[in-house]
Amino acid sequence: MVLQDADNELTIDCLLLAGRIMIESGAETYRVEDTMLRMAHSQNMPNAQCYATPTGIIFSLGKTQPTRITSIPSRVTDLQKIALVNSVSRRLTSQIITLEEAYDELKSIQKTNYFLPTYLQVLAAALASGCFLIMFKGGWSDFQIAFLAGGLGFLVLVIINHLTRVKFFSEFTASLVLGFVAFFAVKYGYGTELDKIIISSVMPLVPGILITNAVRDLMAGHFMSGMAKGAEAFLTAFAIGAAIAVTLGF
């Protein structure tokens, strides 16, 4: 009996960790629940129940088993971790690895930082802003301004988010900075098309994946999660729009 309880605890710990990593990395709610239930079924636990939201997971192996809850305090977009957890899940359900091995791999995935160095993220955001400018049919003369504004805005986002942990404030400040860079560049003759510079520069801040996941959760019937993610995306869009409105008000 003690051995069985220990096995059940290990199973719950492993499945909750898998779900936690996926939600923290920006996975859809229905994908998290499906992954956890498939892993539970592979361990001969067909009565497992799972309920996931963007801020927490409730999981139980059955009516006679204890229910466990884990909270999700923060979320980012890390598709690499989602892919790695899915890989562990597939190998566990195919009996290629044991539950203990899966748990060890998940703990390693959770501890590992797969993000690129900050300077490369800023460079990528700057380059993306410049490329968006060309895609929006802007002139090559504004490429450098969009490059500078997009990179500086993303750098401010990273710094403010690290200092305050308040997503709305960091996005508002980053948008305000890039908006002023674009505004003064056009005002003093270094740029020509203010609207296209601003639109292209804010693109790295736009919550595209969050909006997509919100729609996919709503289509899958997870209305609470879909509405929550939609509200979070709306707040981000509002922060960006409010900051640009302040900039254009000068």
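Leu 178 is buried in this predicted model. Its relative accessibility is 0%, and the cut-off for a buried residue is under 20%. Leu 178 belongs to helix α7. Leaving aside residues up to four places away in sequence, Leu 178 touches Ala 149, Gly 153, Ile 198, Ser 201, Val 202, Leu 205 and Ile 244. Ala 146 is 32 residues from Leu 178 in sequence, yet the two C-alpha atoms lie 8.8 Å apart in space.

The axes of α6 and α7 (residues 167–187) come within 8 Å and cross at roughly 155°. Angles over 145 degrees count as roughly antiparallel, so α6 is roughly antiparallel to α7. The crossing of the two helices is right-handed. Sorted by class, the contact of α6 with α7 has 14 nonpolar, five polar and two charged residues.

Leu 235 has a relative accessibility of 46%, so it counts as partly exposed. In sequence, Leu 235 and Ile 96 are 139 residues apart. In space, their C-alpha atoms are separated by 43 Å.

The whole chain gives the setting for these residues. The protein has ten helices and three strands. From the N terminus, the order of elements is α-α-β-β-β-α-α-α-α-α-α-α-α. The C-alpha trace spans about 75 × 30 × 30 Å along its principal axes. Of the 250 residues, 44% count as buried. Contacts between residues at least 6 apart in sequence were also examined, and 64% of them join residues at least 24 apart.

The three strands form an open sheet in the order β1-β2-β3, with antiparallel pairing. Strands β1 and β3 (67–71) stand at the edges. Each has a single partner strand, so one side of each is left without a neighbour in the sheet. Neighbouring strands are turned by 10° against each other on average, direction ignored.

Strand β1 pairs with β2 (residues 56–60) in the antiparallel sense over five bridges. Two residue pairs illustrate this pairing. Ala 52 stands opposite Ile 57 in β2. The bridge partner of Tyr 51 in β2 is Ile 58. Helix α2 packs on the sheet and touches both β1 and β2. The direction of α2 makes about 155° with that of β1. In a regular strand, side chains alternate between the two faces of the sheet.

Strands β2 and β3 also run antiparallel, and five bridges join them. Gly 56 stands opposite Ser 71 in β3. Each pair of strands forms a hairpin. The hairpin of β1 and β2 has two residues between the strands. The hairpin of β2 and β3 has six residues between its strands. In the turn of this second hairpin, Gly 62 has a positive phi of about 160°.

Positive phi values also occur at residues other than glycine. Most residues other than glycine have a negative phi. Asn 44 has a positive phi of about 60° although it is not a glycine. Asn 44 is found in the loop between α2 (29–42) and β1 (49–53). Its relative accessibility is 70%, so Asn 44 counts as exposed. Lys 137 has a positive phi near 65° and is likewise not a glycine. This lysine sits in the loop between α5 (118–135) and α6 (143–164). Lys 137 is exposed, because its relative accessible area is 70% and the cut-off is over 50%.

Conventions:
Residues numbered from 1 in each chain as written. Predicted model: local features only at pLDDT ≥ 70, side-chain atom pairs only at ≥ 80, totals over all residues. Heavy atoms only, no water. Helix = DSSP H or I, 4+ residues; strand = E, 2+ residues; numbered from the N terminus. Buried < 20%, exposed > 50% of the residue type's maximum accessible area, 1.4 Å probe, protein only. Pairing = 2+ DSSP bridges. Axes fitted to C-alpha atoms, helices over the stretch in contact; angles between N-to-C directions. Contact = heavy atoms within 4.5 Å. Parallel < 35°, antiparallel > 145°, perpendicular 65-115°, else oblique. Left-handed = near helix turned anticlockwise from the far one by under 90°. Nonpolar A, V, L, I, M, F, W, Y, C, P; charged D, E, K, R; others polar.
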